[in-house]
Amino acid sequence: MKISRIASCVGVTVLSIFGVTAFQAANLKSIQIDAGPEPPQINIEGAANRLATALRFRTISHQDTADVALPFQPFRDFHIWLRSAFPAAHSQMELEMIGGEGLLFRWPGSDLNLDPILFVSHQDVVPVEPGTEAEWTYPAFEGTIADGYIWGRGTLDVKSGVCGLLEAAEALLREGFEPRRDVWFFFGQDEEVMGNRGARAAAELLKKRGIRFSWILDEGGFVVEDILTAPLGGRPVAWVNTAEKAYCTLRLTARGEGGHSSTPPTHTAVGKLASAIHRLEANPFPLEMPQPLLDQFRQLAPECDFLTRWALSNLWLTEGVLLRRLASDRLTAPFVRTTTAATVFHGGIKENVVPQIAEALVNFRILPGTTPADLMHRVSRLIDNPDIDIEIKEATFPPAPASTDGPGWVSIAASVRAVYPEAVVVPGIFTAATDSRHFRDLASDVYRFSGVRLKMADVKGAHGTDERIGVASYAAAVRILAGIIRHGSG
Ligand SMILES: [Zn+2]
């Protein structure tokens with residue numbers, strides 16, 4: 001009797017909780033920003049031809065620049081061409097060279113009391129992996145326009161950013177637009193190899209001059225056509241990344257007794273190191289729901305079908321299931337976990353000699369909120385072996401997540417929706433690193449977004465084979481960038 005009463009009480013409670021949460025979910029209001037004014041029209045063919053030409057300059061960053069004879073000449077040729085291709089922008093803006101080939105432009109505004117805004121992109125591209133040249137449908141450095149696309153290394157990463165921003169400035173200047181606040185552009189020359197000569201030097205210079213930006217926009221976010229297709233009824237999603245993961249590589253050095261392999265110690269340096277790496281892989285970082293992802297769900301929920309909207313707006317109940325689902329896929333796991341990747345392992349020189357030293361590199365991509373000290377503490381505790389030294393080889397920490405209600409967010413979202421009114425604009429975390437990490441002290445809001453519209457399958461073209469951008473997508477990206485500059489600086 002008593003048990004059945006309890007059971008019915010529980011049943012009524014569950015039903016009423018579901019009823020209340022379902023009612024709330026059904027009544028969620030969209031928090032998407034309204035579309036801004038119509039951005040300038042551009043000449044699509046002219047813009048596509050200029051981007052195609054830009055691809056022919058082999059502005060390649062090599063890990064070791066000593067590998068290449070005259071590595072900087074292509075950049076110098078590129079600069080001469082940029083001047084002729086974008087004459088209005090060059091005549092209206094002041095230009096400073098940073099670290100040799102970095103381009104820092106200032107477009108003066110009419111009101112010096114307003115904080116300026118900064119747009120960051122980069123001129124350098126990664127090389128084509130030797131041996132894969134023949135796999136390209138059109139050669140990587142010929143800048144071919146065919147089948148509705150512009151093909152070549154740098155179309156997505158990211159000459160479409162450098163040319164797109166200059167194209168946008170030209171379109172605005174043709175309209176007679178004058179910014180109220182200063183608009184700055186920085187186009188780095190070594191983003192693909194950490195950005196020390198370019199972005200870091202530019203950031204140091206701006207900091208020394210006491211310049212602080214209202215907000216900053218860098219590369220690293222697309223309008224994706226075919227993601228969340230069912231819950232969103234086919235609407236594209238504009239990912240404006242408000243955060244990026246930090247980057248840290250640890251060097252593990254194991255020491256052990258050497259000697260002849262016929263009389264080995266119980267554990268060699270190689271064995272100790274292998275077991276340390278095994279421990280790191282067997283104990284991944286805990287799953288967590290970082291703030292930018294929570295912000296993303298808040299923006300997404302009202303736009304989705306009922307079930308998804310209910311799940312995303314009742315995380316107190318669904319968070320565990322969502323986390324496990326995201327973590328189960330290699331592509332989405334990095335959004336909910338600091339990742340661990342053992343990437344380099346060296347030890348031993350001969351099969352019958354016990355090595356005294358073995359060394360490994362482990363690369364971590366760290367979610368916002370975890371510090372280098374937290375990382376070192378966790379790794380030392382897991383490895384727990386005095387014979388293994390742990391040191392930071394390389395580490396960069398990006399700015400804290402940007403806001404989703406500041407002026408930068410509003411300018412970006414309004415400009416996206418002016419070109420793609422049906423798009424759902426959401427914040428997110430970029431899992432790779434961009435030059436914007438160097439600008440962390442210059443603004444509290446740093447966004448990563450290119451305006452380029454594509455399908456998920458095309459994303460792998462960046463750094464891969466058949467990198468390409470749709471001609472119409474590029475033209476729309478230029479209009480979005482022009483909208484952002486006009487809205488953000490007006
Ligand atoms: Zn890039």
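Which residues does Tyr474 touch, not counting residues up to four places away in sequence? Tyr474 touches Ala47, Ala48, Leu51, Ile150, Ser160, Val452 and Ile469, where two residues are taken to be in contact if their C-beta atoms, placed from the backbone, lie within 7 Å.

1. Basis of the note. The model is a predicted one, in which local features need pLDDT of at least 70 and side-chain atom pairs count only at pLDDT 80 or more, while totals for chains, interfaces and linings use all residues. Residues are numbered from 1 along each chain as its sequence is written.

2. The largest core. Tyr474 and Ile216 touch the most other members of the largest nonpolar core, which holds 99 residues. Such a core is a set of buried Ala, Val, Leu, Ile, Met, Phe, Trp, Tyr and Cys residues joined through C-beta atoms within 7 Å; a residue is buried if 20 or more other C-beta atoms lie within 10 Å of its own, exposed if 12 or fewer, and partly exposed in between, with the C-beta atoms placed from the backbone. Helix H14 (residues 471-489) gives the largest share of this core, 11 residues; helices (H or I, at least four residues) and strands (E, at least two) are DSSP runs, numbered from the N terminus. At least three residues of this core come from each of domain 1 (44-223 + 431-489) and domain 2 (243-396). A second, separate core of 19 residues has among its members Leu273, Leu280, Phe364 and Ile366.

3. The two domains. The domain assignment gives domain 1 (44-223 + 431-489) and domain 2 (243-396), and bounds of this kind come from an automatic or database domain assignment. The C-alpha centres of domain 1 and domain 2 lie 32 Å apart, and six residues from domain 1 and six residues from domain 2 take part in the contact. On the side of domain 1 that touches domain 2, one residue is nonpolar, three are polar and two are charged; here Ala, Val, Leu, Ile, Met, Phe, Trp, Tyr, Cys and Pro count as nonpolar, Asp, Glu, Lys and Arg as charged, and the others, Gly among them, as polar.

4. Strand E7. Strand E3 (residues 117-122) pairs with E7 in the parallel sense over three bridges, two strands being paired if DSSP finds at least two bridges between them, and the bridge partner of Ile117 in E7 is Trp215. E7 also pairs in the parallel sense, over three bridges, with strand E17 (residues 446-448), where Asp218 stands opposite Arg448.5. A three-stranded sheet. Three strands form an open sheet in the order E4-E5-E19, with antiparallel pairing. Strand E4 (144-146) and strand E19 (468-470) stand at the edges, each with a single partner strand, so one side of each is left without a neighbour in the sheet. Neighbouring strands of this sheet are turned by 25° against each other on average, direction ignored, where axes are lines fitted to C-alpha atoms, for helices over the stretch in contact, and angles run from 0 to 180 degrees between N-to-C directions. Three bridges join strand E5 (residues 149-151) to E19, and Trp151 stands opposite Arg468 in E19.

5. A four-stranded sheet. The order E12-E14-E10-E15 describes an open sheet of four strands with antiparallel pairing, in which strand E12 (339-347) and strand E15 (388-396) are the edge strands, each pairing on one side only. Strand E10 (residues 246-255) and strand E14 (residues 357-366) are joined in the antiparallel sense over 10 bridges, and Ala246 stands opposite Ile366 in E14. Helix H11 (residues 372-383) packs on the sheet and touches E10, E14 and E15, its direction making about 155° with that of E15.

6. Backbone points to check by eye. Most residues other than glycine have a negative phi, and most peptide bonds are trans. A cis peptide bond, with omega about -15°, joins Asp157 and Val158, and Val158 is found in the loop between E5 and helix H5 (159-174). Met194, a residue other than glycine, has a positive phi near 90°, and with 19 C-beta neighbours inside 10 Å Met194 counts as partly exposed. His463 is not a glycine either, yet has a positive phi of about 75°; His463 lies in the loop between helix H13 (456-459) and E19.

7. Ala26 lies in helix H1 (residues 2-26) and counts as exposed, with 10 C-beta neighbours inside 10 Å. Ala26 and Phe306 are 280 residues apart in sequence, and their C-alpha atoms are 6.8 Å apart in space.
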